[in-house]
2 protein chains.
Amino acid sequence: MKAAIIAVGTELLMGKVTNTNAVYLSSVLNEYGVSVLYHITVGDNPKRLEDAVKSYMDEVDMIITTGGLGPTQDDLTKEIVSKALGVELVLDPVLKTEIQAFFKRINRNMTENNIKQAYKPTGSMTMENGHGTAPGFIIEKDGKTAVLLPGPPREMVPMVESGFVPYLKEQHAEEITTVWIRVFGMGESSVEDAIQDIVKTQTNPTLATYVREGSIAIRVTANGASEADNMKCIQPLVDEIKARLGNVVYSLKDETLDVYVGKLLMEKKISFSLAESCTGGMIASTLVGQSGISSVFDRGYVTYSNEAKQEELGVPLQTLIDHGAVSEETARAMVEGLRRKNGSRLCVGVTGIAGPGGGSKEKPVGLVYISVYFDDTLKVFKHNFHGNRTRVRQTAANFALDHVRKMIEGK
Amino acid sequence: MKAAIIAVGTELLMGKVTNTNAVYLSSVLNEYGVSVLYHITVGDNPKRLEDAVKSYMDEVDMIITTGGLGPTQDDLTKEIVSKALGVELVLDPVLKTEIQAFFKRINRNMTENNIKQAYKPTGSMTMENGHGTAPGFIIEKDGKTAVLLPGPPREMVPMVESGFVPYLKEQHAEEITTVWIRVFGMGESSVEDAIQDIVKTQTNPTLATYVREGSIAIRVTANGASEADNMKCIQPLVDEIKARLGNVVYSLKDETLDVYVGKLLMEKKISFSLAESCTGGMIASTLVGQSGISSVFDRGYVTYSNEAKQEELGVPLQTLIDHGAVSEETARAMVEGLRRKNGSRLCVGVTGIAGPGGGSKEKPVGLVYISVYFDDTLKVFKHNFHGNRTRVRQTAANFALDHVRKMIEGK
């Protein structure tokens, strides 16, 4: 099946908003075997929208629109798509009641133009909007399908999950099952090289790799009679990929490294504290992003100056003089100080040169020492990272989390 | 002038990469008076690319392509666009030498297919690529213009700045001058309401508002004989907008709030330290993102537990018992403790309930106290923020920076 995704909104063409809907929808459609041939963005212009719907509808089986479902005069997607497909709009009493109820719930008066949102293309399926007033619709006509979704991602994504994905699943006679393999510490091209023979020869399951949030996600998707059947062909493939890639595989769920490590610390009840220099609170902030982390996280220090390293962590002045703030010895002393002071089972220290200034021939920009003291084992890792200041700091934070993961899991 | 932006790359249609180029280019083109009518994404498919170029070229004056300029067989944008316009490709000896020099500089062997990148559309202008091997081109033919840019943003953006923007400027008989007004602490619709009469009646300068990085950017652009002339019409407008909006205007440069505050602290040589609870190191990490901050930043504490607040900052146990960790009194004690301990001129404390758990009727999720102790003045600000955990934390971090700005500037 072939599809085109049409985004509607002048604000996109003025460069006010990035169209993140297209990438999300493409990834979902690919998972369900739909090939996306085009992304198109048009403004709130009836003629150009109508022309686009008509011309792309000729070429593909399904068009998906995002945006233009709101209550204002500018919001014309439903009207234009219905017209282009030759489908009438009729007032739906159920929708009207739901929209009225929504306004009551949020304690606001419903204006007259919101009634516009209660009109439904004849014969279409309604997708409920749990986060706004504009419902979505799936219209089937003459072998073609039009899917109308709202523009704001916080409304669109939940509607896709609750309304559109079940529809896509129904289109398949077979069950679709996906397993994700998340990888950190290996580049995308290396991952692809390592598994390219599998990617190329496999037709069921199919595989695809994505770069997401600083790590790699491998999608393994199978079609079959049941989930159990699908897992029978997915599991050996997942095992093979894990065996080839080794311990760069950190999770078999589609989750970021920091979420994985945060959950690991909470599940295993490992108390931890942090001493960050070049990352400057980035690791603390990332882990604090997870609800419930207070059960294991006591405190963190951003020891940016040498004085802070001495006073807060007891790093000996002589160590700083002899080896410098960015050294294996200082990194070691930072976590020894954390342990003395707080007694946490896990102590993590980071010191490095994020740049652009401060580098030398012996200690170039990107040199970072990460120390991890877990129970009785203290290890210091030396890295040379590339890129600008932000990149060096983000990579250092991610590698620190990855070292923590490996030491806790004994890898 | 009307334009269409065509992105080329199957990875975009598979949902692997978000097309951030379109939003950037649209914003630049709008600044130079070019209306963008369409964004289109097509895969690495010669037929579909050719059809798109031909059909959109009929409707607009300028098409801008991103991607497909690389050395591989899949990279066909230059070939297809030249074909569609009826322009020949010829080997350019200057380009060949430059590409060879690039490979020498990065110490890699140039492969045979890189020669493909030295072919140039006849009569086109070359735009140099400072960050990769693929040059860009501007082709003018029969009153239409095609602009060919590389796909990776780190190559595309510098090429637009050094090659495409000068071309856009030349197209104007007049000089174009832009001033940005950055605003924090007021929603986009309130900003628009406050200045909508100016936006609607002005034709030169023109105004547009953008939401960027948690704050608002207002663009004021004038056309005229010279920059001095332009500033004569821009300045009264900027003054009027500043007068209307008041101290929510933080900068007349296009910079984020954290960059503005970081520079302010460095320029005024104000030593500072931080005590973060719910933001968990986010403020520290943001400010450490700026090179040179070590001249004023000594240390930060992520005092997540009550014990950490007592031990690191000397918050009295009785204060925590009487008022709770999220209270005006605790926020005050946090910065008093910082001052006692480090003697920094500026001490900032944040304590709040980020959610989703931990809220009560008296202290709901989103309740955040921000304390700022600058020289002899200590203020505590109470906020009720909305949204999920990440949103509450980010908003709290931004408001803390904004309070710092206002207190330092005496606003």
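Predicted model: local features only at pLDDT ≥ 70, side-chain atom pairs only at ≥ 80, totals over all residues.

Student: Ok, how many helices and strands does chain A have?

Tutor: Chain A has 14 helices and 17 strands. Those are DSSP runs, numbered from the N terminus: H or I of at least four residues for helices, E of at least two for strands.

Student: And what domains is chain A divided into?

Tutor: Domain 1 (2-171), domain 2 (175-251) and domain 3 (257-408), with bounds from an automatic or database domain assignment. The C-alpha centres of domain 1 and domain 3 of chain A are 47 Å apart, and the C-alpha atoms of chain A fill a box of roughly 80 × 55 × 40 Å along the principal axes.

Student: Switching to strands, what does strand 7 of chain A pair with?

Tutor: In chain A, strand 7 (residues 136-141) pairs antiparallel with strand 6 (residues 125-127) over 3 bridges, and Thr126(A) sits opposite Phe137(A) there. Strand 7 of chain A also pairs antiparallel with strand 8 (residues 144-149) over 5 bridges, with Glu140(A) partnered by Thr145(A). To count as a pair, two strands need at least two DSSP bridges.

Student: What about the hairpin of strands 7 and 8 of chain A?

Tutor: There are 2 residues between those strands, and Asp142(A) takes a positive phi near 50 degrees.

Student: Now the other chain. How many residues of chain A are in contact with chain B?

Tutor: 51 residues of chain A are in contact with 50 residues of chain B, contact being C-beta atoms, placed from the backbone, within 7 Å. Elements of chain A that each supply at least two residues to that side include helix 2 (21-31), strand 2 (35-42) and helix 14 (389-408).

Student: What classes of residue are on that side of chain A?

Tutor: 23 nonpolar, 21 polar and 7 charged. Nonpolar is Ala, Val, Leu, Ile, Met, Phe, Trp, Tyr, Cys and Pro, charged is Asp, Glu, Lys and Arg, and the others, Gly among them, are polar.

Student: Which strand of chain B is joined to strand 2 of chain A?

Tutor: Strand 2 (residues 35-42) of chain B, antiparallel, through 5 bridges. His39(A) stands opposite Thr41(B).

Definitions and conventions: Residues numbered from 1 in each chain as written. Chains lettered and ligands numbered in written order. Contact = placed C-beta atoms within 7 Å.
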